[in-house]
2 protein chains.
Amino acid sequence: MSMKDKIAIIGAGCTMFSENFGQDYSDMMVESSGEALEEAHLTGKDIQAAWLGTAFPDAGVWKGRSGMDLAQSLGMFDIPITRVSNYCATGGDAFRNACHCLLAGEADVVMALGVEKLRDRAPQESLVKMMVENGHPIMQKGFTAAGTFAVTATRHMHEYGTKAEQLGRISVKNHRHAVHNPKAQYRSEVTLEQVMRSPMVAWPLTVLMSCPTTDGSACVIMCRAEDAGKHNEDYVLLKGHGFSVSTGWDLPFFDPHHHFTAYRATEVASRKAYKDADVTDPRKELDLCEVHDCFASVELLTYEDLGLCKRGEGGRLVDEGVTAAGGEIPVNLSGGLLSCGHPVGATGLRMLYEITRQLQGKAGKRQVPDARLGLAHNIGGPGAVSSVTILGAR
Amino acid sequence: MSMKDKIAIIGAGCTMFSENFGQDYSDMMVESSGEALEEAHLTGKDIQAAWLGTAFPDAGVWKGRSGMDLAQSLGMFDIPITRVSNYCATGGDAFRNACHCLLAGEADVVMALGVEKLRDRAPQESLVKMMVENGHPIMQKGFTAAGTFAVTATRHMHEYGTKAEQLGRISVKNHRHAVHNPKAQYRSEVTLEQVMRSPMVAWPLTVLMSCPTTDGSACVIMCRAEDAGKHNEDYVLLKGHGFSVSTGWDLPFFDPHHHFTAYRATEVASRKAYKDADVTDPRKELDLCEVHDCFASVELLTYEDLGLCKRGEGGRLVDEGVTAAGGEIPVNLSGGLLSCGHPVGATGLRMLYEITRQLQGKAGKRQVPDARLGLAHNIGGPGAVSSVTILGAR
């Protein structure tokens, strides 16, 4: 059964993605939901069910273990609120579960809200230290996010001749895009030389090829498509959604599915989303994408996982400017995670906010002329959990 | 739109609820899902979407932050798996989200699995210490689960003359029931004197009025009702479900809804479930209940929240044996959390396992003759999150 044209986003909101020292976990929820509710001409009392996406309640403040924290922050009581957590794909998964509830007819107006407070650290042990000490006795040792993603970058370089400079150019592109995004953490252009000479994190990934640590919240409000006009004439439609888990936390290095040059979860999720949306040639049919560039190499591999080009041709897409502003299929016009940062549970919903504004023609200087169809891609864990959402203009 | 008779449980499984030192987090998932899959005549490859309920991935082993951990343990790849977390109501919420997906038509066979490893502690800081240090600067100080629930017990005693001995009798009853549950952690009868003289935790709650800390996993597999006969003739039907969040973690003492003698979340959730199931007189229509007796007082208040008696009459129900085995409406024939323990994410699904076995007539010496309709109630946080599920024999 296809999800196509059954659900509408009637409101979207997003805080600054930044070091939001002046806002706590709850304040950010109030801001992102406030923008979304205002757009939908609703108040919190109109929301009949909600999903809260927070991935690391123990990384910063002690919040986000339960839907309760959304209830308390927004004063939304006596409704069901689920907390969803799926590493960096948490936001996409919160959205997905909210859509199911609408389609099940269990609620008429729902909210999916992601929030993460990472820059105000609680005075406790380092999360990475806890993971290394308490995780798998072999696999978890030496584990870092950059290291996990670097192994797919190096394998891609080995198999297809991809160059570190091509990864660098993705960073240059996304930072250039972010100049026009008032909600991005970093809004300065960087040169290829700056990217390549910035400190090495895990070869070939430099600091400027890695997303920063950031606070933020984003929110979308949905209803079934037939009800959308009642709330907001300027809604956008869900065309398709896919979500997939391809491997486990400790498994990527042994899993036969993992050929190290692709994220199978994205391949599976995007094929489901394309099927829903009747998309057969994504490069031609999509007008823009927001993809999960937690590291520059992930954006490059994702071009291929999404079928925007053949396997091994991701580097050429960068060289030819296909994915830059004004190119054939602009990717990460928001600046991506590299410029916006990555408040984990919020990122997938920020992407939906960005695509929504583009499809409404309200993306300011980032606007793609006559954008009709956009894709948001959110990946988590060691590349093992992926969410792909396709939205369309009404 | 009512959920009634649209979804069937075609398989259920449950590990021992105990100190499962011989099983790790994954082993328990394999066991509970194995029993459920076998009953449904399915393998892991037939599951099209799954929900993992784990509330405290950082309390024991470093597992359960993502659906990935279910994928890895059961070898179930290339499907969507969501991790749900909603404090002690996590299991009920995992089940609920799985039901939405079925009703949305996004999958035909789904799994909801809860698991928690609490007795093999990771060598890290105490969770309670972290909560107290990093939580609300006033509300979180001195916070304990027993303390939070004790305040509703004492207020109920003040308002209605409820006696500590009545709480003690709930413990005696549930421990007596557990003698016949081979999966319960504690299977010895206790006397009222033992309960009352056991060490005080938070007045009036003694150790024997408090659930132990436990490892365990439980699992249910569902499909839409029209497909159930294809898998297993001995299925049970979902009659109704409600879920509600009544307040926030820090708020219960200020929230005007919280009158200290009831859990509003249960009132709201049960009314929704009764509406779905066309239940108008729960005491007459229900044949049995599993309720969330994390502390004996919660069971007593829950009688009233569920409408099994009038407000203030919970103590009388105990005195008259209405909720004991053989009584008018037996409650916690499994032994409840007081005897089974409370592996947090698993508890709500263990209750569904128990009700399923009762409705199938397969509950052994615990069997209620001709059980046709049963209710499972799962509450979490400071009484703020509640899940109520009603199942019926086919």
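What percentage of the 394 residues in chain A do buried residues make up? After that, please take helix 3 of chain B and its contact with helix 14 of chain B as the part to look at closely, and connect it to the rest.

Author: The model is a predicted one. Buried residues make up 64% of the 394 residues in chain A, where a residue counts as buried if 20 or more other C-beta atoms lie within 10 Å of its own. Chain A contains 14 helices and 11 strands. Its C-alpha atoms fill a box of roughly 55 × 50 × 40 Å along the principal axes. A compact globule with 394 residues would have a radius of gyration near 21 Å, and the 19 Å of chain A agrees with that. Of the contacts in chain A between residues at least 6 apart in sequence, 79% join residues at least 24 apart.

Now the requested part. Two packed helices are described by the angle between their axes and the distance between the axes. Helix 3 of chain B covers residues 90-103, and helix 14 of chain B covers residues 344-359. Their axes are 5 Å apart, and the helices pack at an angle of about 65°. On the side of helix 3 of chain B, the contact is made by Thr90(B), Gly91(B), Gly92(B), Ala94(B) and Phe95(B). These meet Val344(B), Gly345(B), Ala346(B), Thr347(B), Gly348(B), Leu349(B) and Leu352(B) in helix 14 of chain B. By class, the residues of this contact divide into six nonpolar, six polar and no charged. Gly is counted among the polar residues in that division.

Helix 3 of chain B also takes part in the contact between the chains. That contact takes 54 residues from chain B and 54 residues from chain A. On the side of chain B that touches chain A, the elements giving two or more residues are helix 2 (68-74), strand 3 (81-84), helix 3, helix 4 (127-134) and strand 8 (236-245) of chain B. The largest share, five residues, comes from helix 3 of chain B. The side of chain B that touches chain A has 25 nonpolar, 19 polar and 10 charged residues.

Another helix of chain B can be described by its span and its cover. Helix 5 of chain B (residues 145-160) has 16 residues and reaches 23 Å from its first C-alpha to its last, close to the 22 Å expected at 1.5 Å a residue. Its buried residues are Ala145(B), Ala146(B), Phe149(B), Ala150(B), Thr152(B), Ala153(B) and His156(B). What covers them includes helix 6 (164-178), strand 5 (200-202), strand 6 (205-206) and helix 11 (296-305) of chain B. After helix 5 of chain B comes Gly161(B), with a positive phi near 75°.

Two of those covering elements, strand 5 and strand 6 of chain B, have Pro204(B) in the loop between them. The peptide bond from Trp203(B) to Pro204(B) is cis, with omega near 5°. In chain A, a cis peptide bond joins Trp203(A) and Pro204(A), with omega about 10°. Pro204(A) is found in the loop between strand 5 (200-202) and strand 6 (205-206) of chain A.

Asp5(B) is not a glycine but has a positive phi of about 65°, and is found in the segment before strand 1 (7-14) of chain B. Asp5(B) counts as partly exposed because it has 16 C-beta neighbours inside 10 Å. Asp5(A), likewise not a glycine, has a positive phi of about 65° and is found in the segment before strand 1 (7-14) of chain A.

Gly44(B) lies in the loop between helix 1 (25-40) and strand 2 (49-53) of chain B. With 19 C-beta neighbours inside 10 Å, Gly44(B) counts as partly exposed. Leaving aside its neighbours within four places in sequence, Gly44(B) is in contact with Leu37(B), Leu74(B), Gly75(B) and Met76(B).

Definitions and conventions:
Residues numbered from 1 in each chain as written. Chains lettered and ligands numbered in written order. Predicted model: local features only at pLDDT ≥ 70, side-chain atom pairs only at ≥ 80, totals over all residues. Axes fitted to C-alpha atoms, helices over the stretch in contact; angles between N-to-C directions. Helix = DSSP H or I, 4+ residues; strand = E, 2+ residues; numbered from the N terminus. Contact = placed C-beta atoms within 7 Å. Expected span 1.5 Å × (residues − 1). Buried ≥ 20, exposed ≤ 12 C-beta atoms within 10 Å, placed from the backbone. Rg over C-alpha atoms; globule rule 2.2 N^0.38 Å.
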